[in-house]
Amino acid sequence: MDAIRIRGNGPLRGTVRVSGAKNAALPILCATLLSDGASRLRNVPALRDIETTAALLRFLGRGVDVEAPIVDVAAGADVKPEAPYELVKQMRASVLVLGPLVARFGRAKVSLPGGCQIGARPIDQHLKGLEALGCRIHIERGYVIAEGPGGGGRLKGNEIYFDIPTVTGTENLMMAAALAKGRSTLVNCAREPEVEELGRVLNKMGAEVEGAGTDVIHIRGTERGELGPFDHAIIADRIEAGTYMVAAAIAEGGDVVLEGANLDDMEALVVKMRAAGVEVASEGQNVRVHRPGPLRAVNVTTAPHPGFPTDMQAQFLVLMCTARGESVISETIFENRFMHVPELQRMGASVALRGNTAVVQGVDKLYGASVMATDLRASASLVVAGLVAEDETEVRRVYHIDRGYEHIEQKLRSVGAKIERVRGAEA
Ligand code: EPZ
């Protein structure tokens, strides 16, 4: 298994290009199932989750050619609407094929994803929404079996109320409602930029989606077979950009330009970065991040968009480890998303965990250690910690990072980090 070795060596300086958004690309790849035509997706990052989605689409019967940053999905209507456990267990977002499959083919059999390291992550809201559209759902031997009305008929538009805003749940239901008969109204939707982006693509395909990116989405369904293919370049990855924003600020004097980052999608993070004493400014199509002096401690509570993203909690917590004073970081989205904390303690951080809250006392210095994490953002946060830690930090099990950060070592090296990948390191 690969590891990443970092030697802390002071501030980063230079320019990093932000890649396309993983969490926008995944639902959009699944949306290709709504049309029988050939679609092209541009600005796709070279990531393991993209390969996993491509493998899933191929399993279903579509030809997929991944040549990052371009992914082509070939035309084809001969689809076997079944997503096996072997693929779904590798990536929970595979559940995003459920809505499009049952809407387009009247039937879908998709493995239940099960829990993951950051929490139980149920999909009850996805299933309840599909039932509201007339699906009959039952669970059989770990699989969700969904059938359109009357044993495979067209879904019927309806009002769907989400008990909590769910990103992939909103996306699944938007795709299903796009082919349902009549109008659907989705209430209490997730407002993430990736949801808005899916709305844009569905409209390009000929769907009528209004309000994506707000908490109420109206969709007028289109006949099966009437949604066309698309050619679309996806938005910049706000979480990758945010991670490099924190990396730029982790050492005093850091000065990094994030090429293609979109500040409009990152407001909550930017407010907290500025409160901590970091300068963040738009410069044309880019964003400049500069840390002129010591960091101030600030408190953060994660919340659905436009609140502070749970996907930036680990990285921001690392930033607070060497800030002056005490910061309180609360995680409200996932119940087990502090796995980076024990690893950071091994690097000399002073963090006390109390339920869903971490209390961080800033220390003068972090020390390099051998660390590992069991999810994507936690692993990235440890790499960021390594940038300022004394001596060498080895982050193990970096396959998590490869799910969500394109060429992370090259990008960090290009702004001055001493970082290398060690192939086949001890797990
Ligand atoms: C998406 O996951 C992202 N994944 C996650 O990105 C991100 O952390 C998360 O949204 C929150 O922003 C993709 O977009 C592919 P949710 P998702 O449904 O959709 C509960 C990363 O690192 N819930 O919005 O699975 C759930 O347990 C990641 O890139 C239900 O109770 O998250 C959680 O507490 C990991 N029932 C909350 O809602 C449901 O049916 C929000 O989860 C669905 C969700």
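Q: How do the residues of the lining of the second largest pocket divide into nonpolar, polar and charged?
A: In this predicted model, the lining holds five nonpolar, three polar and four charged residues.

Q: What makes the count of charged residues in that lining four?
A: Asp, Glu, Lys and Arg count as charged. The lining includes Glu-252, Arg-291, Asp-364 and Lys-365, so these are the four charged residues. Asn-9, Gly-10 and Thr-322 also line the pocket; Gly is put among the polar residues, and the three therefore make up the polar class.

Q: What volume has the second largest pocket?
A: Its volume is about 210 Å³.

Q: How many cavities of 30 Å³ or more does a search of the whole structure find, and what volume has the largest cavity?
A: The search finds two. The largest cavity has a volume of about 40 Å³, which is over the 30 Å³ cut-off of that search.

Q: Which residues line the largest cavity, and how do they divide by class?
A: Ala-21, Lys-22, Asn-23, Glu-194, Asp-237, Ile-239 and Arg-377 form the lining. Four are charged, two nonpolar and one polar. By the class rule, Asn-23 is the polar one.

Q: Why are α4 and α7 called roughly parallel to each other?
A: Angles under 35 degrees count as roughly parallel. The axes of α4 (residues 98-105) and α7 (residues 167-177) cross at roughly 15° and come within 7 Å, so the pair is roughly parallel. The crossing is right-handed.

Q: Which residues make the contact of α4 with α7, and what is its make-up by class?
A: Leu-98, Gly-99, Pro-100 and Ala-103 of α4 contact Asn-172, Met-175 and Ala-176 of α7. Five of these residues are nonpolar, two are polar and none is charged.

Q: What makes α5 roughly parallel to α7?
A: Helix α5 (residues 124-132) packs on α7 at an angle of about 20°, with the axes 8 Å apart. That angle is under 35 degrees, and α5 is therefore roughly parallel to α7. This crossing is right-handed.

Q: Where do α5 and α7 meet, and how do the residues of the contact divide?
A: Gln-125, His-126, Gly-129 and Leu-130 of α5 meet Thr-168, Gly-169, Asn-172, Leu-173 and Ala-176 of α7. The contact has six polar, three nonpolar and no charged residues.

Definitions and conventions:
Residues are numbered from 1 along each chain as its sequence is written. This is a predicted model: local features need pLDDT of at least 70, side-chain atom pairs count only at pLDDT 80 or more; totals for chains, interfaces and linings use all residues. Side-chain values use heavy atoms; hydrogens and water are left out. On a 1 Å grid over the protein atoms alone, a cavity is a set of points where a 1.4 Å probe fits but cannot get out, and a pocket is an open set with protein on both sides within 12 Å along at least five of seven lines; lining residues have an atom within 4 Å of a point. Grid points are joined across faces, edges and corners, and a volume is the space filled by probe spheres set on the points. Axes are lines fitted to C-alpha atoms, for helices over the stretch in contact, and angles run from 0 to 180 degrees between N-to-C directions. Helices (H or I, at least four residues) and strands (E, at least two) are DSSP runs, numbered from the N terminus. Angles under 35 degrees count as roughly parallel, over 145 as roughly antiparallel, 65 to 115 as roughly perpendicular and the rest as oblique. A crossing is left-handed if the near helix is turned anticlockwise from the far one by less than a right angle, and right-handed if clockwise. Contact means heavy atoms within 4.5 Å.
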